[in-house]
Amino acid sequence: MKFPASFQSIWNNKSIVGAWVGVSENKYKLKGTCDNCDGAGFIYTFVAYSGPFRDRPPETHEVLHYINNAWWIGESYTDICPVCKGMIKEGERAKVLKDVVKQQIFALEDKLKTNTTTKDIE
Ligand SMILES: [Zn+2]
């Protein structure tokens with residue numbers, strides 16, 4: 001998978017404890033479109049600033065995700081797919097962005113190391 005260039009500076013932030021990338025769910029796959037983003041036109045990354053936690057943290061303005069059997073607190077970012085440059089109809093793109101929370105999430109194994117031992121909420 002090719003990532004948007006803007007993600008590098010996000011991932012280089014020393015305070016992040018984990019990072020994942022995702023693309024849209026298959027229902028958004030547009031026939032004959034990009035294999036890199038599954039036709040969504042954009043790539044998504046979630047970066048965790050704290051975690052992993054065994055129990056769900058209290059509601060926060062930050063983004064919570066349950067990944068690898070643990071809770072993580074962080075932020076989500078999206079950017080245009082570098083392969084197809086987001087070649088998708090505007091209406092479709094808006095639908096995809098609305099569903100960003102339901103995206104599949106993949107670990108970025110060799111880019112960033114993640115701590116998989118859960119701990120209590122600080
Ligand atoms: Zn693409």
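Me: How many helices and strands does the chain have?
Reply: In this predicted model, the chain contains two helices and five strands. Along the sequence their pattern reads α-β-β-β-β-α-β.

Me: What is the mean pLDDT of the chain?
Reply: The mean is 72, and 62% of the residues reach 70 or more.

Me: And which elements have the lowest and the highest mean pLDDT?
Reply: Strand S5, residues 106-107, has the lowest mean, at 46. Helix H1, residues 6-11, has the highest, at 89.

Me: Where does pLDDT stay under 50?
Reply: That applies over residues 98-116. The model has 36 contacts beyond four places in sequence for this stretch. Where pLDDT is low, the predicted coordinates should not be read in detail.

Me: Understood. Turning to packing, what percentage of the residues count as buried?
Reply: Of the 122 residues in the chain, 26% count as buried.

Me: Which residues have the most contacts inside the largest nonpolar core?
Reply: They are Val23, Cys37 and Ile43, in a core of 15 residues. Strands S1 (18-22), S2 (42-53) and S4 (70-80) are the elements that each give two or more residues to this core. The largest share, five residues, comes from S2. As background, nonpolar side chains in soluble globular proteins tend to be buried together.

Me: What does Cys37 touch, leaving aside residues up to four places away in sequence?
Reply: Cys37 touches Val23, Phe42, Ile43, Cys81, Val83 and Cys84. Two of these partners, Val23 and Ile43, were named above together with Cys37 for their contacts inside the core.

Me: What share of the contacts with a separation of 6 or more joins residues 24 or more positions apart?
Reply: Such pairs account for 69% of those contacts in the chain. As a separate example of distance in sequence and in space, Thr78 and Val21 are 57 residues apart in sequence, and their C-alpha atoms are 9.5 Å apart.

Me: Thr78 is in which strand, and why does it count as partly exposed?
Reply: Thr78 lies in strand S4. It counts as partly exposed because it has 19 C-beta neighbours inside 10 Å, whereas a buried residue needs 20 or more.

Me: Let us move to the backbone. Which peptide bond is cis?
Reply: The bond from Gly51 to Pro52 is cis, with omega near 0 degrees. Pro52 belongs to strand S2. In general, most peptide bonds are trans, and most residues other than glycine have a negative phi.

Me: What is the phi of Asn68, and where is this residue placed?
Reply: Asn68 has a positive phi of about 55 degrees although it is not a glycine. Its place is the loop between strand S3 (63-67) and S4. Asn69 is also in the loop between S3 and S4, and Asn69 has a positive phi of about 60 degrees.

Me: Finally, how many bridges join S3 to S4?
Reply: Five bridges join these strands, which run antiparallel. The hairpin of S3 and S4 has two residues between the strands.

Conventions. Residues numbered from 1 in each chain as written. Predicted model: local features only at pLDDT ≥ 70, side-chain atom pairs only at ≥ 80, totals over all residues. Core = buried A, V, L, I, M, F, W, Y, C linked by C-beta atoms within 7 Å. Buried ≥ 20, exposed ≤ 12 C-beta atoms within 10 Å, placed from the backbone. Helix = DSSP H or I, 4+ residues; strand = E, 2+ residues; numbered from the N terminus. Contact = placed C-beta atoms within 7 Å. pLDDT = per-residue confidence, 0-100. Pairing = 2+ DSSP bridges.
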